[in-house]
Amino acid sequence: MKLSLLYLLALLPNININIVYSKYVLDEFEKELDVYTIVVFISNTSSEIWHEELNLNNHPKLIITNESASGLRASIGERVLSIITIDDIEESYLEHIVKPSLLKLHLKDLLLITKDSLMPTVDKWQWLFEWCWHQGFWHVLLMDRDQQYLTMDPIPEMSIRSILLAEYLKQRHRRIDNLLGYPIQVTVGNNPPRVSAVLDDDGNLELSGLYGNVVKIFISKFNATLDYVFMPNMSSYSVLNCMEYIREERADICADAILFGSDIETTRPLFIVFSRLVVPFDKPLEMYKYFQKPFNTQTWLLILFTFICTLALIIVVEYYQLRSFRFLDNFFANYESFICACANLPHLSQNYRYALEAILIFCGFMISNIYLAYLSSILLTKIFRREITSLEDVVSHNLTILTSNFQQYILEVSQASPLVRQQTIVANEEFILKNMRALNPDFVYFGLENELDFYLYQQKFMTRPRMKKLNNLVITSDIGDAPMRAYWPLQDLFTDFMDNMFSNGVSLYLYTESTQEGLRTGKIAFIPNESLSVEPLTLEYFVICGIVLTAGYTMAFISFFLELVIYNKRKRK
């Protein structure tokens, strides 16, 4: 695939430089380092003259005059060569024009050009190389008109040395494999399972968790020094604090994950992460409602079938004997038999009454046994209300969804369902962590899948788990990974390291191990089963008796009152 060059020109103010630029150098960079984007900072001279002097006539260009181009990352790629003419250049220009323009592009090479001879006044360029080193521009090549070159060794300390172009390009093909103890500032806090900070037996702070272990492996592999940056409220810190530290360049990386696409650089996202809800299993049914449970659809259908059959039998027998059809009388006579009253059927012969009574006794026996079977089965175990299986159930149960400020940020960015937003309340991380560790069923919890699985693992050995994850309901779908400081010179190295960890399966192992590590460090613990000891009866057990007794007395009073009214009415007549 033929690579194209995009030349972006930012003009230095009022400097007259006459540089004869060798096309050979550009060709070597393009060929050896696969450069396809060139950013050129040149003086405020007519573009036609610079086209000839820099041999740029045949290349497309974008001219930017005296202002930073901080949005370049959105339109050009990664493999960048930045050319800067440095004669009479001031540090303020580097700070306000060059640095913002190369945000997210600085990981590649800087080619600095001067018309002065580099030798023997090497100390003259000390300030320039120190500025590049402090700002994270580690791949720097300084060239004069005689095509002499200076570069720097960034670790363990910055030093300037002379070099050949071929040697520099060969060196750039080798990736750093030993940082010689270079310090890497990492934020420290507790946000299991992604990161945890614990003290070992000797009182030394140890990182653990998924991203905590990744950082430790990176430090060990490249021989760096881990420099802890302690977060506010370490026991349950907020990811927003981590993002703030990265923005303010108070830390190099966070041993955690944030959303991709924010104003903070992250390692390359490799998979989609889903956010879900953890909801409680519904609460046990009140004891006084137990007598209603056996009357399910099957029981009611059996009663209705028996009623229709006996009514049909009475009507057929009466019509066969008396050649009469009295539907209402027979209907209420049949109804009396179903409410345990005597069926008044004097017009039927005695044999037919015996047969009808035998059928009613048999059917009543079957129905009563079915009811008692249902009732005895539910009395031996707990009965629960309707299970929560959807977001609508969460709303109908009026359950509160606990979220932190960072989780609210995720819901806003991902444009989650309004039903979720209306049920959420914002709480501090410590309160949420306390309730999630206990799996308190009074709340619903929102979080990433790996986080929810981490806490749900505590109920692995419970007979009746407290909470469950709504696997059929995805609240948000996001991508993201570990955040890194802008202008951090090891961004490429850390990103490629994370890619290798994922492709080699180490990330999956660390994901599984983070749960076991949480058990060992006490971040989570298995929840014991509920006690099976005998407990004294509470008032709830006598509610059903009181309801039945009150209903019986009420019906008896109503029946007595109606009989009294009817008797007095008949007596007056």
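Helix α6 passes helix α16 in a right-handed crossing, where right-handed means that the near helix is turned clockwise from the far one by less than a right angle. The model is predicted, so local features need pLDDT of at least 70 and side-chain atom pairs count only at pLDDT 80 or more, while totals for chains, interfaces and linings use all residues. Residues are numbered from 1 along each chain as its sequence is written, and side-chain values use heavy atoms, leaving out hydrogens and water.

**The α6 and α16 contact**

- The contact (heavy atoms within 4.5 Å) involves Tyr 211, Val 214, Ile 217, Phe 218 and Lys 221 on α6, and Leu 493, Phe 494, Phe 497, Met 498 and Met 501 on α16.
- These contact residues divide into 9 nonpolar, no polar and 1 charged; here Ala, Val, Leu, Ile, Met, Phe, Trp, Tyr, Cys and Pro count as nonpolar, Asp, Glu, Lys and Arg as charged, and the others, Gly among them, as polar.
- Helices are DSSP runs of H or I with at least four residues, and strands are runs of E with at least two, numbered from the N terminus.

- Asp 109 is found in strand β5, residues 109-113.
- At 4% relative accessibility, Asp 109 counts as buried (buried is under 20% relative accessible area, exposed over 50%, partly exposed in between, with a 1.4 Å probe and protein chains only).
- The side chains of Asp 109 and Arg 172 meet in a salt bridge at 2.8 Å, N to O (a side-chain nitrogen of Lys or Arg within 4 Å of a carboxyl oxygen of Asp or Glu).
- Because Asp 109 lies in β5 and Arg 172 in helix α5 (residues 165-172), the pair ties together parts that are 63 residues apart in sequence.
- Arg 172 is buried, as is Asp 109.

**Other salt bridges**

- The whole structure holds 15 salt bridges.
- One of them joins Asp 499 and Arg 268, with the closest N and O atoms 2.0 Å apart.
- Asp 499 sits in α16 and Arg 268 in the loop between β15 (265-266) and β16 (273-280), so this pair ties together parts that are 231 residues apart in sequence.
- Asp 499 counts as buried at 15% relative accessibility, whereas Arg 268 is partly exposed at 37%.
- Salt bridges that share partners also join Arg 276, Glu 449, Asp 453 and Lys 469 into one network.
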